[in-house]
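I opened the notebook to look up a few things in one structure. The entries below follow the order in which I checked them.

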Amino acid sequence: MYIYIMSRISLITILLCAIFFSGNTTISAQNTTFNKTTTLIRPPYLKTGDTVAIVAPSGILRNRTTEVEQAKNLLKSWGLHVVLGKNVFNQNNHFAGTDDERREDFQKAMDDPKISAIWCARGGYGAVRILDKLDYSKFKKYPKWVIGYSDITAIHNQVHNEGFESLHAMMCTSLQDNNETIKETISTFKDALFGTQITYTLEGLEYNKAGTASGQLVGGNLTILHTMLGSKTSINTAGKILFIEEIGEYEYHIDRMLQSLKRAGYFDDCKGVLVGNITKVRRNTTAWGVSVEQLILDALAEYSFPIAFNMPAGHEKDNRALILGRTVEMTVEKEKSKILFRN
């Protein structure tokens, strides 16, 4: 009897230890929590006669009818048809309609086999509130390009984890600027949408960390990437190149987010970092003491991967298109950097 009881106790002890240690393995680093995506599905490139849906999954579009009309005209000039979500101009406090209304427009566009691309009218905040309400079952049958930046990073993350490429590019509200002043923004958006190969040669910078890397391009707005951390919408960066951009943050906020991502293992198996526009950095009463570029280098000093600055993408007029999920080849030198998207 004594031997039987001791055997039972030993067995229970072994089982508890196994559960404990397997649990620790799951949460030790964010890149081990999510399956590594190897091959993503590429939605069909657009062609004359295709249809684009304009929706507003985030912030309110108050006094933005002119820009949306310009966006419709732009698409039509490219031989495309346009449908407008029925709730685009709704208002619900901060948001372009209630969560259900914004989800309804986005879901309808995802489900419609006649829609070839979903163009987000603006960012702001709100996309995270509809993420868990979206159903990708029909999207997987009729894949289409999801287009936007800033707050739309949340949806890009989800689309990536569902196994599809998406497009980090201008939104309808970008057309508040004269088309001539955002010429490259518009032309690279069109190129990406219609399948013209994209290559960028970036102006050099002394902060560049030289090297070469190849991998799927992932990322977007730093705040949103940080917000997704620990959820099923966080991105596995293993073997990939991370793009980041930001607007309106204090330097210590930027450092705090990078430190949080780093402690979670976000950069452990990353192949490289591409830094876009970091704009309208707020002044704190106590100065940080170094540039944003140096801040990023300091935060990532322990990693050997290349870091390229000066990617014109993010919250500036020059906001060039990036195909998220596409394999890119990145060559970084002090004098210049080159980003090549493989077709």
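**Entry 1: one residue**

I looked up I235 and found a relative accessible area of 2%, so I noted I235 as buried, the cut-off being under 20%. The model is a predicted one. I placed I235 in the loop between α8 (222-228) and β8 (241-247). I then checked I235 against N161, which is 74 residues apart from I235 along the chain. Their C-alpha atoms are separated by 7.0 Å.

**Entry 2: nonpolar cores**

I reminded myself that nonpolar side chains tend to be buried together in soluble globular proteins. Which residues have the most contacts inside the largest nonpolar core? I wrote down F106, W119 and L167, in a core of 72 residues. Strand β3 (residues 115-120) gives the largest share of this core, five residues. Apart from this core I found another, of 25 residues, and L225, I296, L300 and Y303 are among them.

I looked up the largest pocket and noted about 390 Å³ of space. It is lined by 20 residues, and the closest to its centre are Y149, T173, S174, Q176 and H315. I sorted this lining into four nonpolar, 10 polar and six charged residues.

The second largest pocket has a volume of about 230 Å³. I counted 14 lining residues there, with V83, L84, G85, K108 and A109 the closest to the centre. Two or more residues of this lining come from each of β1 (51-55), β2 (81-84) and α4 (99-111). The largest share, four residues, is from α4. By type, I noted six nonpolar, two polar and six charged residues in the lining of the second largest pocket.

Methods
Residues are numbered from 1 along each chain as its sequence is written. This is a predicted model: local features need pLDDT of at least 70, side-chain atom pairs count only at pLDDT 80 or more; totals for chains, interfaces and linings use all residues. Side-chain values use heavy atoms; hydrogens and water are left out. A nonpolar core is a set of buried Ala, Val, Leu, Ile, Met, Phe, Trp, Tyr and Cys residues joined through side-chain atoms within 4.5 Å. Buried means under 20% relative accessible area, exposed over 50%, partly exposed in between (1.4 Å probe, protein chains only). On a 1 Å grid over the protein atoms alone, a cavity is a set of points where a 1.4 Å probe fits but cannot get out, and a pocket is an open set with protein on both sides within 12 Å along at least five of seven lines; lining residues have an atom within 4 Å of a point. Grid points are joined across faces, edges and corners, and a volume is the space filled by probe spheres set on the points. Ala, Val, Leu, Ile, Met, Phe, Trp, Tyr, Cys and Pro count as nonpolar, Asp, Glu, Lys and Arg as charged, and the others, Gly among them, as polar.
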